[in-house]
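Please find below a colleague's note on the structure shown here.

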Amino acid sequence: MTEMQKIPRRDEIPEQYRWDLTTIYPDDAAWEQDIAAIESMLGDVAALQGRVARSADDLLAALRMRDQVSMRLWQVYVYANRRFDSDTTDPVGQALAERAGTLAAKVSAALAFIDPEILVAPEEQIRAWLRDHPDLAVYEYALDQLLRQRDHVRSAEVEAILAQFSDITRAPGEIFEVLTNADLSFPTIEDEHGQTVQLSHGRYMRLLRSPDRRVRRDAFIGYYSAFQGIRNTLGASLAAQVRTHVLNARVRNYTSSLEAALTPNDIPVEVYHNLIATVNANLSRLHRYLRLRRRIMGLDELHFYDLYAPLVPEADVAVPYAEGERLVRAAFEPLGEEYGAAIAEAFGNRWIDVYENVGKRSGAYSDGAYTTAPFMLLNYQDRLNDVFTLAHELGHAMHSYFTRKTQPYVYGDYTIFVAEVASTLNEALLTDYLLQTRDDPTLRRYLIVEQLEDIRTTLFRQTMFAEFELEIHRRAEAGEPLTTELFSTIYRNLVARYHGSDVMLDEQIALEWARIPHFYYNFYVYQYATGLSAALALHARIVNEGRPAIERYLRFLRSGSSRPSIELLRDAGVDMLSPAPIQAAMDHFDALLGELEQMTAGAQQ
Ligand SMILES: [Zn+2]
């Protein structure tokens, strides 16, 4: 990809490489009709208010109505947003997406009375209805999930007041977003070619990957200098966010904010503590990797701006899209015919939007509704890395596809806790296939480094984030004032412990907490670390056991959110309540590291 290359307009991209949105609606007019249909359904919804828990029939009617309205809304939303993402400069797409967003807020407000009304009914009553009315049976697990929260739901009067405060408890995160995206101005630096570039969030990561150390260092120092100027405001907003989590836990009778965050998703807090303990027990391996990184890069001192620099050149193979398709199809062959047939559908029925065009959303994702194909957005540029992105997004898409083919609407999506399992597992299969079929030492070294970096950034780094989150919440729970100074001290100590003595503790890094949006998400990031561990463990089972492990894995893909995430994974062969999967990922890291050490034994000492 040369920078001079002109980015094509969308209508210049051949149709076969654009997703087929006519499978959702033949045209925008049909979309309009569905918007109108949803609006009129809201009248029927309102008529149910005050009657949800009157009888089994009323309860069933309310739950079915909620499914129908939200299923249709989801479809409307997916069409509008795929349309918008295809070309964000197109005012028609913009308008569609905005209207879908407004309608979504309206629908969610209109449906808000249903759960509280169910919770007001005596539990024995609901259990009796479930026993006596077979039509309600499908909702049993969903109702279980709701009833489990009963101890944490307050009186109707208190709930009504809390609901009015919910806008305000979101404010710290909103302030963070506006401050760091709209108001924050970054300095300029000179890039590799001596051109002046203005730093931005997007450019920062790209510049940090530059082989030119001067560029990396200037980007690092420049980027953090911007945060330095607003650090106290960011400290105050994060402190406020943490206090809302602590307050929520107290008001809802949880023993800690960690418990309040994990319990609604049915994740025991041991999973969180397990992760932190197991990663901590293996930190010497990360230190060893960083030492090797310093040696391979030939540096006296390894700084934080050296951590993302390419350790080995990307295996220099251009992979055109057709070849990328062939590679992933071959790599997924171990998963069997049914999986292969679904992959063929993805390619054959235009679920994938392949190439970049003017105005197209950047990055990659998979996103569809219960009633649509699981569409994928790529910005494919013929690099090996793009083939891994393709494999990754196909993993998400297959999880959605098999779930929606099997589960009723109410369980037709999967939880965040398991969301990265299928995508990561596909990347591991692609790595296997390339290692088995290509006899190229450069490629082999590249693939090993990529896996090490994945584990470093996903398992080690996100666990460090998780530990920071836990610590600042504990301090708040103990009544300590949360200050910018305290955040930086806690963060600096964590960074030092995780990275060991082979990385120079640049003063800027103590402020990294200030730029991480996820700290506003309420104990979210640990799921990246557990997700990667679960995927690696399932992959190992598939490789070692074959057919029975694959059958269990496919059952997992079909299960959506029909049972607790921990149970679904356990049935697939991974017990996230035990340290074993995390430890296995750590051992895998160790094995890869040993191989890289051998390969580079001749490198500069
Ligand atoms: Zn993903």
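The numbered points below refer to a predicted model.

1. Packing of helix 13 against helix 25. Helix 13 spans residues 269–280 and helix 25 spans residues 580–599; their axes come within 9 Å and cross at roughly 30 degrees. Because angles under 35 degrees count as roughly parallel, helix 13 is roughly parallel to helix 25. The crossing of this pair, helix 13 with helix 25, is right-handed. On the helix 13 side the residues involved are L275, T278 and V279, and they meet I582, Q583 and M586 of helix 25.

2. Packing of helix 13 against helix 20. Helix 20 covers residues 441–477, and its axis and that of helix 13 come within 10 Å, crossing at roughly 125 degrees. Helix 13 and helix 20 are therefore oblique to each other. Here the crossing of helix 13 and helix 20 is left-handed. Helix 13 contributes Y272, H273, L275, I276, V279 and N280 to the contact, while helix 20 contributes L459, F460, T463, A466, E467, E469, L470 and R474.

3. Aromatic pairs. The count comes to 38 aromatic pairs. One of them is formed by F220 and Y224, with 5.2 Å centre to centre and 65 degrees between the planes. Because planes over 60 degrees apart count as edge-to-face, the F220 and Y224 pair is placed in that class. Both residues belong to helix 10 (residues 213–228), where F220 and Y224 are four residues apart, about one turn of the helix. F220 and Y224 are both buried.

4. Aromatic cluster. F220 and Y224 also belong to one aromatic cluster, together with F186, Y204, Y223, F227 and Y305.

5. A charge over a ring. Which residue lies over the face of Y308? R456 does, at 4.8 Å from the ring centre.

6. Position I38. I38 is part of helix 1, which runs over residues 28–47. Is I38 buried or exposed? I38 has a relative accessible area of 0%, and because buried means under 20%, I38 is buried. Apart from neighbours within four places in sequence, I38 is in contact with V69, R72, L73, V76, L103 and V107. I38 and L434 are 396 residues apart in sequence, and their C-alpha atoms are 48 Å apart in space.

Methods. Residues numbered from 1 in each chain as written. Predicted model: local features only at pLDDT ≥ 70, side-chain atom pairs only at ≥ 80, totals over all residues. Heavy atoms only, no water. Phe/Tyr/Trp six-rings, centres within 6.5 Å; stacked < 30°, edge-to-face > 60°. Helix = DSSP H or I, 4+ residues; strand = E, 2+ residues; numbered from the N terminus. Buried < 20%, exposed > 50% of the residue type's maximum accessible area, 1.4 Å probe, protein only. Lys NZ or Arg CZ within 6 Å of the ring centre and 35° of its normal. Axes fitted to C-alpha atoms, helices over the stretch in contact; angles between N-to-C directions. Parallel < 35°, antiparallel > 145°, perpendicular 65-115°, else oblique. Left-handed = near helix turned anticlockwise from the far one by under 90°. Contact = heavy atoms within 4.5 Å.
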